[in-house]
Amino acid sequence: MKKVLYILVAISTVFTACEDMLEKEPIHQLNASTFFSSENDLKIYSYSFYEDNLPSANDIARGDGTSDYAAINSPSTFLTGDWSSIDQSGWGVSNWSALRNINYFLENASEAPVSEDVLNHYIGLARYWRAVFYLDKVQTFGAVPWYENALDPDDPELNKARDSREFVMGKVLEDITFAATHMKETKDTYSSLVNRFTALAMKSRICLYEGTYRKYHAELGLSDANTWLREAASAAKELIDSDQYGLYNTGNPESDYRDLFVAEDLAGMPKIAREVILARVMNTESRVWHDLTWNFNSPTNGSRWSLIKQFVDTYLMRDGSRFTDKANYSEIEFYDEMKNRDYRLSQSIRTEGYYRADGTVAPPDFAVTLTGYHIKKWSLDDSWHDGQGQCTNSIPVIRYAEVLLNYAEAKAELGEFGSGEWNQTIKLLRDRAGVASAEPKEADSYLQSMFFPGISDKYLLEIRRERGIELCFEGLRYQDLMRWKKGDLLTSANMPWKGIYIPAKDVNYDLNGDGKPDVCIVDAKPSPTVSGVKYVILGTNIKLSEGDKGHLIWAWGVARNWSDKQYLRPVPQTAITLNPNLLPQNEGWE
């Protein structure tokens with residue numbers, strides 16, 4: 001608790017110091033020899049990196065709203081083709097100020113009279129955040145200008161041309177490698193600070209992204225994908241072999257997974273903190289909260305995020321068999337559909353046996369869910385939070401589970417994945433989830449036909465299945481699709497927003513087996529109504545796939561489309577007007 005407060009005070013301190021200096025002289029003329037006079041000054045300044053660059057709770061938990069496994073109340077204009085309203089952010093002054101802050105520190109930190117190892121730790125921390133900063137820029141725009149100096153407002157370098165993707169990502173690799181080599185290994189009990197192991201985890205994420213992006217985006221003309229994949233595998237393996245982190249597994253598969261996302265005090269939960277490599281910490285005493293329970297349980301506050309049937313079908317049975325191998329699996333009603341599945345499913349969405357903190361039965365709520373697959377992964381059980389923005393469960397930014405998946409995927413992409421790697425990675429995750437973890441005998445035809453028709457490697461398909469399930473709604477899926485060149489999975493043609501199966505209209509259905517009806521699909525609301533039943537009225541936004549029966553289909557009249565130009569965003573016209581050297585525009589956006 002004290003460390004969280006210290007971080008907040010420290011951030012405030014450094015910003016106050018900068019504001020004081022701004023009243024006297026421009027920040028670029030700040031006297032570094034005075035400001036950086038001790039290790040404590042380096043520490044205080046470095047906290048600003050977290051404030052500038054650490055993703056928010058919403059970035060993480062709601063980041064998969066644009067993905068192949070989620071339906072939302074209104075499709076993104078990026079997919080519906082309304083180009084005039086495409087988000088043009090990401091290149092303004094405010095979007096680059098975090099980089100200037102980092103570069104100023106890197107230019108001046110050596111003024112501090114500290115030992116080489118202390119200095120290298122803080123230099124490594126700054127370079128960690130610069131790598132994270134530039135990863136986001138490359139994911140968004142591709143080629144961008146590389147800056148490693150804190151430029152003045154009139155510096156001609158501000159109008160430089162974009163550097164190549166290869167150059168920028170080469171610099172990113174240098175930065176994250178330095179951090180993963182020189183930072184201290186000390187872990188804090190809140191998992192709130194970056195250390196050398198955090199840098200190794202982030203290196204595995206960055207290198208897996210770039211390696212697979214280069215492999216599947218042949219149009220780049222880059223032939224060094226395997227170099228990046230080996231870097232990813234090496235970084236992940238070094239962290240795994242360190243034995244400093246591990247999966248949270250108490251032997252309770254029905255609750256262990258969800259515990260990771262509702263834990264409120266990581267310092268008091270060392271077993272969970274052992275898996276959470278980096279977290280955004282919430283704290284009531286400091287009035288640092290998020291509103292995710294409200295978002296995921298309100299019909300108006302959030303986007304009514306819901307999983308879709310095609311993805312839910314990928315969850316295995318607990319005996320390790322495929323749900324999609326069942327006869328007529330597509331027409332099994334919700335209550336039976338949820339039986340004996342991977343425990344992560346019932347910990348990610350509302351199913352039988354879910355109660356709120358006051359003992360109230362809580363089936364999928366069709367005032368909120370669009371498909372019947374009502375997400376609960378980030379929600380606290382106390383319904384008081386349904387209308388409040390004061391949740392204090394910590395938000396994992398990087399988990400050990402992701403490192404296992406990064407390692408597994410990199411090795412599979414290199415053609416070096418076998419029984420040993422399976423036992424080190426996928427088996428551990430399925431054991432925690434209560435799923436029999438025998439290796440696959442053949443490639444899963446459902447995964448091939450529905451998601452990845454170009455993949456025949458049985459292991460790689462299982463790794464992608466596991467990545468989707470384990471990291472569901474943790475803000476990584478969109479970039480996974482981008483690096484796999486699977487933007488087509490975002491389209492309504494390939495992935496309609498399909499919900500639960502409804503055998504007939506005008507019938508009351510009990511979704512959680514408590515003997516009380518929960519939902520009825522109708523053309524018009526009846527009179528009288530049945531207490532406790534939510535009536536879903538068919539119409540412009542929602543229909544049944546077969547007219548009087550079938551799967552709920554949300555936003556059926558709105559076409560979501562994809563073209564290759566959308567793998568990158570356009571450079572904003574405002575930025576080009578200020579600096580024509582940023583041209584040529586990204587391909588297809590001219």
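Does K505 count as buried or exposed, and at what relative accessibility?

Reply: K505 counts as buried, because its relative accessibility is 16% (buried is under 20% relative accessible area, exposed over 50%, partly exposed in between, with a 1.4 Å probe and protein chains only). Bear in mind that this is a predicted model, where local features need pLDDT of at least 70, side-chain atom pairs count only at pLDDT 80 or more, and totals for chains, interfaces and linings use all residues. Numbering starts from 1 along each chain as its sequence is written, and side-chain values use heavy atoms, leaving out hydrogens and water.

You'll find K505 in the loop between strand 5 (497-502) and strand 6 (508-509) (strands are DSSP E runs of at least two residues, helices H or I runs of at least four, numbered from the N terminus). Leaving aside residues up to four places away in sequence, K505 touches I521, D523, L538, L544, G547 and D548 (contact is heavy atoms within 4.5 Å). N328 is 177 residues from K505 in sequence, and their C-alpha atoms are 20 Å apart.

Burial also marks helix 21 (residues 458-470): 12 of its 13 residues are buried, so the rest of the structure largely encloses it. Among the buried ones are E462, R464, R465, E466, R467 and E470. Helix 6 (residues 93-108) has its own buried set, including W96, L99, N103 and L106.

Helix 6 also has a partner. Its axis and that of helix 3 (residues 39-53) come within 10 Å and cross at roughly 160 degrees (axes are fitted to C-alpha atoms over the stretch in contact, with angles from 0 to 180 degrees between N-to-C directions). That makes the two roughly antiparallel (over 145 degrees; under 35 is roughly parallel, 65 to 115 roughly perpendicular, the rest oblique). L42, Y45, S48, F49, D52 and N53 of helix 3 meet A98, N101, I102, Y104 and F105 of helix 6. Those residues split into 7 nonpolar, 3 polar and 1 charged (Ala, Val, Leu, Ile, Met, Phe, Trp, Tyr, Cys and Pro are nonpolar; Asp, Glu, Lys and Arg charged; the others, Gly among them, polar).

Then there's helix 7 (residues 116-141) with helix 9 (residues 196-216): their axes come within 11 Å and cross at roughly 20 degrees, so this pair is roughly parallel. Helix 7 brings Y128, A131, V132, L135 and Q139, while helix 9 brings T198, A199, M202, I206 and Y209. By class that's 8 nonpolar, 2 polar and no charged residues.
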